[in-house]
Amino acid sequence: MTHKADVLIIGGGAIGLSAAYYLQQSGRAVTVIDSREVAAGSSAGNAGHIVPSHIVPLAAPGIIGTALGWLLDTQNSPFGMRVSLDPAYLAWLMRFAAACNQANVDGAIPAFKALGLLSAANFARLIAAEGFDCAYSETGLLFLYKTQTAWGSGKHEAELLHQHGLPAEVLDSAAVHEREPAARPDVIGGVHFTGDASLDPGRFLRQLAERIQERGGVLHAHMPVTGFEVAGGRVMRVLTASGDFAPEQVVLAAGAWSPRVVRDLGLSLPVQPARGYSLTARAPRVMPRQALLLGERRVAVTPLGDRLRITGRLELSGLDTTPSARHLAGIERAVRAYIVLDEPLSVEATWAGLRPTTPDGVPLIGVSPRHANLIVATGHAMLGLSLGPGTGQVVAELANGRSPSIDLRRFSLDWSVR
Ligand SMILES: Cc1cc2nc3c(=O)[nH]c(=O)nc-3n(C[C@H](O)[C@H](O)[C@H](O)COP(=O)(O)OP(=O)(O)OC[C@H]3O[C@@H](n4cnc5c(N)ncnc54)[C@H](O)[C@@H]3O)c2cc1C
């Protein structure tokens, strides 16, 4: 059986659904297919931080030394990596190491800033226009610090943001406790990224999926793409076990699975999965007032209405998505060290997700160099929710042959122009 389709979107996570929404807004008919659930993937259980303040890529000077130091801490390390001779993994590690320099950071900052601001503005507009109920809050992201060294790095980051016209407030101990009464007394300072926001990503994405469907979009869960037919530099058919699609255009938004999905297309996508974990609990007695990031431990804390979510760890460890009880216990210990949380947590869900990570830390957004009707949108690493609505808008612009609202050169699939 062959299904007709205007735009076929592979992957129903934050990126795929955002693309579907903006394509639909532009008048296109959309079909989204996912190998598992739609509005889930690596997107539903994440921290829910919308962070236009996050302008520095993962591949930055000093990160390798920091990561090696973390590996020595077997109890509380925020980082882990597998030992493997997989050639794609080894090549990715080498490219990552080569990209950890100031030139990479300087080149990435304007790109992250443009996409981050577009996306944050789109979140505010979209949520207001659609009337979504998803614990959306514009109270910013507050970093908490317990050591002068880490607070010093935070202050440096605040200065960097000021240089780029983005808001960040440095708070001393008194100011940080006034702004966040849940902070423990030994938190010595903070930096408040006041332009940031947060929401419940699962609720946001489920409502987005419902709205797309109400407007005629077709969503297929449990329908993995198994292959493609290509002719004349175009994707003619997308193959699944439940029938084929003959779309006008295809959007690849399969997150960390993207390289696997396109392996027969001759398209090289250097994306590695970076796993992280979350747990979601009933609201504790003292609820934080805003989204938090625990500076030294890189653990995120997000109030989601009557729930609290905590997330952490970055592990270069393959495509497994089994939550680790050991690492979740470490993440919970970190939270108890920074905020007043004296009672046992009433945990409702544990989760693991995969950040699709490129070696230079910058997403891949653009038309395939080999297939005129295939748009790739992946590699958003730790920012796939945050950059979703901005990415969705530019994907729709590319699909409609319009010039994109932001300069996409730094996101190109052609590494020589990034
Ligand atoms: C612990 C943690 C915390 C995070 N916190 C934040 C945060 O606060 N803010 C933020 O912006 N980002 C955060 N992230 C990152 C964010 O979750 C990811 O960047 C984002 O989920 C990537 O979205 P995606 O749509 O590209 O991929 P996914 O959400 O993974 O979607 C890809 C989809 O493709 C589907 N798929 C795979 N193979 C196939 C196939 N063969 N056929 C069809 N479909 C297929 C998958 O089932 C999946 O649903 C966090 C990540 C983790 C792990």
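Author: A cavity is a set of grid points where a 1.4 Å probe fits but cannot get out, and its lining residues have an atom within 4 Å of a point. The structure shown above is a predicted model.

Reader: How many cavities of 30 Å³ or more does a search of the whole structure find?

Author: The search finds one. About 90 Å³ of space lies in the largest cavity.

Reader: Which residues lie nearest the centre of the largest cavity?

Author: Its lining has 14 residues, and those nearest the centre are Asn76, Ser77, Arg313, Gly330 and Ile331. By class, the lining is made up of six polar, four nonpolar and four charged residues.

Reader: Which element supplies the largest share of that lining?

Author: Helix α9 does, with five residues. Both α9 (325–338) and strand β16 (307–316) supply at least two lining residues each.

Reader: Why is α10 described as largely enclosed by the rest of the structure?

Author: A residue counts as buried under 20% relative accessible area. Eleven of the twelve residues of α10 are buried, so the helix is largely enclosed. Among them are Gly388, Pro389, Gln393, Val394, Glu397 and Ala399.

Reader: Which elements do the buried residues of α10 pack against?

Author: They pack against helices α1 (14–25) and α4 (102–130), and against strands β12 (243–252), β18 (364–367) and β19 (374–378).

Definitions and conventions
Residues numbered from 1 in each chain as written. Predicted model: local features only at pLDDT ≥ 70, side-chain atom pairs only at ≥ 80, totals over all residues. Heavy atoms only, no water. 1 Å grid on protein atoms, 1.4 Å probe; cavity = no way out; pocket = protein on both sides within 12 Å on 5 of 7 lines; lining within 4 Å. Points joined across faces, edges and corners; volume = space filled by probe spheres on them. Helix = DSSP H or I, 4+ residues; strand = E, 2+ residues; numbered from the N terminus. Nonpolar A, V, L, I, M, F, W, Y, C, P; charged D, E, K, R; others polar. Buried < 20%, exposed > 50% of the residue type's maximum accessible area, 1.4 Å probe, protein only. Contact = heavy atoms within 4.5 Å.
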